[in-house]
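Trainee: I am new to this protein and would like to learn how to read it. Could you walk me through it, one feature at a time?

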Amino acid sequence: SDVALIYNDRAVLENHHVSAAFRLMRIDDYNILSEFSSDEYKNFRHLVIEMVLATDMSSHFTQLKTMKSLLSMPENIEKSKALALVLHSADISHPGKPWTMHHTWTELLMEEYFKQGEKEKELGLPCSPLCDRDNTLVAESQIGFIQYIVEPSFVVMGDMLEKILKSLSVPDSELPSPSIPAKSIVSSPSPPPSPKSSNGSNPQHDEQLENGRERKPSSMTTPISRLTTVRRPWIEYLKENRERWIREAELFSTSFHVAYNYLNPHFEGQEHLSFCDIACASTILNTLFPSQKLNQSIIYSYVAKAHMSNGITLAKLSLFFQICGVYSIIRYSDHENFEEQFREDIKKQDNFIIVNYWRQYYINEKDYIHKSGHFALIAGFDQKTDYVLILDPNATRFPHHWLPLKHLVRMMSTYDKMASMPRGYLIITHQNNNKQSDQYRIYL
């Protein structure tokens with residue numbers, strides 16, 4: 001679009017809205033900042049730009065990571081970063097509200113996405129994530145949104161606000177003693193009314209007046225200690241709404257969801273744009289060996305970096321697991337009866353599966369137009385609908401979602417030029433690897 005060209009595809013709507021707002025305020029009738037000095041206007045403009053651009057979901061994980069780092073430091077948090085996180089949290093806050101309000105917002109947002117998807121189909125474009133009215137599973141998308149986006153954001157925001165409150169509070173030890181002890185206020189009788197002076201005025205009343213204003217007793221102006229904790233009413237709403245969506249998602253329940261139960265507690269979104277493979281490996285390794293508590297940076301620095309340079313393939317990923325003492329099997333899409341084999345493999349409850357596929361494509365006269373390669377985890381399979389549950393490491397743009405098995409098979413049945421091989425999937429049998437975990441050691 002023309003707007004995307006102006007902003008080079010980066011935070012397009014956010015940049016457009018800030019720019020439009022400040023252009024509008026150049027008109028006298030709309031200039032609410034006309035009384036600002038030059039420095040005040042400059043500071044305000046900088047603050048607004050930083051806050052609004054921080055609502056772009058592409059910067060979500062970076063923003064949380066930065067704030068977590070700031071929370072661990074003794075220095076105070078910058079005002080711009082604090083306000084940016086508050087605005088971003090407000091922007092995604094509807095799951096932290098009562099169900100009726102949250103569900104209304106969800107329906108409105110999903111309808112907006114679906115209309116976008118319909119427009120994309122009309123133009124022959126690939127359907128964006130969550131925009132396909134026929135295949136998007138709203139319940140699963142909201143579960144992932146709450147668990148991996150909203151809840152972590154609100155935890156960090158609450159901790160940040162408490163740190164700010166503590167920096168503003170006055171310790172009890174530093175509070176001045178009240179001029180009148182509390183006991184004397186209760187036990188001392190009220191003094192008799194003072195006689196009026198000869199001119200009819202009340203000396204005691206006059207003493208309470210200063211420049212026409214009533215002076216308050218010193219005990220009323222004594223600083224008091226501030227609260228240093230933040231009420232977090234959203235916690236219960238997030239829990240209730242997530243449980244409500246889970247009940248709705250049980251419509252797709254099946255006995256072949258064991259992988260989800262194992263993997264989900266250890267799942268983390270990718271820390272870097274190119275870490276989809278590392279994120280999948282991290283989730284599986286932490287599931288198999290929870291005592292290791294491996295993070296993606298450690299895995300990349302000590303193992304993957306040496307063996308995954310110049311890109312990643314199924315063969316390299318299998319080698320990586322072998323180095324970590326984990327047995328794996330590769331299935332390429334040129335295998336005879338590939339679809340039937342894939343269906344059988346995902347039914348086996350002992351299998352963890354990482355799929356390698358072209359994520360964005362569309363069909364135009366039977367030709368595939370491919371956009372990007374990707375790795376993701378399979379977490380479940382529903383026989384009734386023939387859908388698979390995808391745990392996508394890029395959880396910001398692609399929350400956990402269901403996909404038709406045939407659709408995924410087509411996406412895997414593409415050629416990997418780097419590997420000079422077809423794409424496919426990798427199987428890790430967790431039962432065997434758990435039995436062998438005592439004799440295998442992860443060299444990290």
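Trainee: How many helices and strands does the secondary structure come to?

Mentor: In this predicted model, the protein has 18 helices and twelve strands.

Trainee: What share of the residues count as buried?

Mentor: Of the 444 residues, 39% count as buried. Contacts tell you about the fold too: taking those with a separation of 6 or more, 66% join residues 24 or more positions apart.

Trainee: How do I read one helix against its surroundings?

Mentor: Start with the general idea. An α-helix has 3.6 residues a turn, so residues three or four places apart point the same way. Now try helix α16, residues 338-347. Its buried residues are Phe338, Glu339, Phe342, Arg343, Asp345 and Ile346. Looking down the axis of α16, these buried residues fall within an arc of 165 degrees, so they line one face of the helix.

Trainee: What covers the buried residues of α16?

Mentor: The cover includes the strands β3 (329-332), β4 (351-358), β7 (373-382), β8 (387-391) and β12 (424-429), along with the helix α17 (405-412).

Trainee: Can we compare single residues in terms of burial?

Mentor: Threonine 106 lies in helix α6, residues 99-122. Buried means under 20% relative accessible area, so threonine 106, at 2%, counts as buried. Beyond its neighbours within four places in sequence, threonine 106 is in contact with His94, Val138, Gln142 and Trp245.

Trainee: And the second one?

Mentor: Phenylalanine 44 lies in helix α3, residues 38-53. With a relative accessible area of 30%, phenylalanine 44 is partly exposed. Leaving aside neighbours within four places in sequence, phenylalanine 44 is in contact with Phe22, Leu33 and Phe36. The C-alpha atoms of phenylalanine 44 and leucine 33 are separated by 9.3 Å, and these residues are eleven apart along the chain.

Trainee: Where is asparagine 76 found, and is asparagine 76 buried or exposed?

Mentor: Asparagine 76 sits in the loop between α4 (60-71) and α5 (79-91). Its relative accessible area is 61%, so asparagine 76 is exposed. Look also at lysine 163: it is 87 residues from asparagine 76 along the chain, yet their C-alpha atoms are separated by 8.1 Å.

Trainee: How should I look at the cysteines?

Mentor: First, the general idea: a disulfide is a covalent bond between the sulfur atoms of two cysteines. This structure holds zero disulfides. Take cysteine 131 as a case: the nearest cysteine sulfur, that of cysteine 127, is 5.7 Å away. The cut-off for a disulfide is 2.5 Å, so cysteine 131 is in no disulfide.

Trainee: Are cysteine 131 and cysteine 324 buried or exposed?

Mentor: Cysteine 131 is buried, at 3% relative accessibility. Cysteine 324 is buried as well, with a relative accessible area of 1%.

Trainee: How many cavities of 30 Å³ or more are there?

Mentor: The count comes to two.

Trainee: Which residues line the second largest cavity?

Mentor: Its lining is made of Thr313, Leu314, Ala315, Tyr332, Asn356, Asp416, Ala419, Met421, Pro422 and Arg423. Helix α15 (314-323) and strand β11 (421-422) each supply at least two of the lining residues. Sorted by class, the lining has six nonpolar, two polar and two charged residues.

Note on methods. Residues numbered from 1 in each chain as written. Predicted model: local features only at pLDDT ≥ 70, side-chain atom pairs only at ≥ 80, totals over all residues. Heavy atoms only, no water. Buried < 20%, exposed > 50% of the residue type's maximum accessible area, 1.4 Å probe, protein only. Helix = DSSP H or I, 4+ residues; strand = E, 2+ residues; numbered from the N terminus. Arc of directions from axis to C-beta. Contact = heavy atoms within 4.5 Å. 1 Å grid on protein atoms, 1.4 Å probe; cavity = no way out; pocket = protein on both sides within 12 Å on 5 of 7 lines; lining within 4 Å. Points joined across faces, edges and corners; volume = space filled by probe spheres on them. Nonpolar A, V, L, I, M, F, W, Y, C, P; charged D, E, K, R; others polar.
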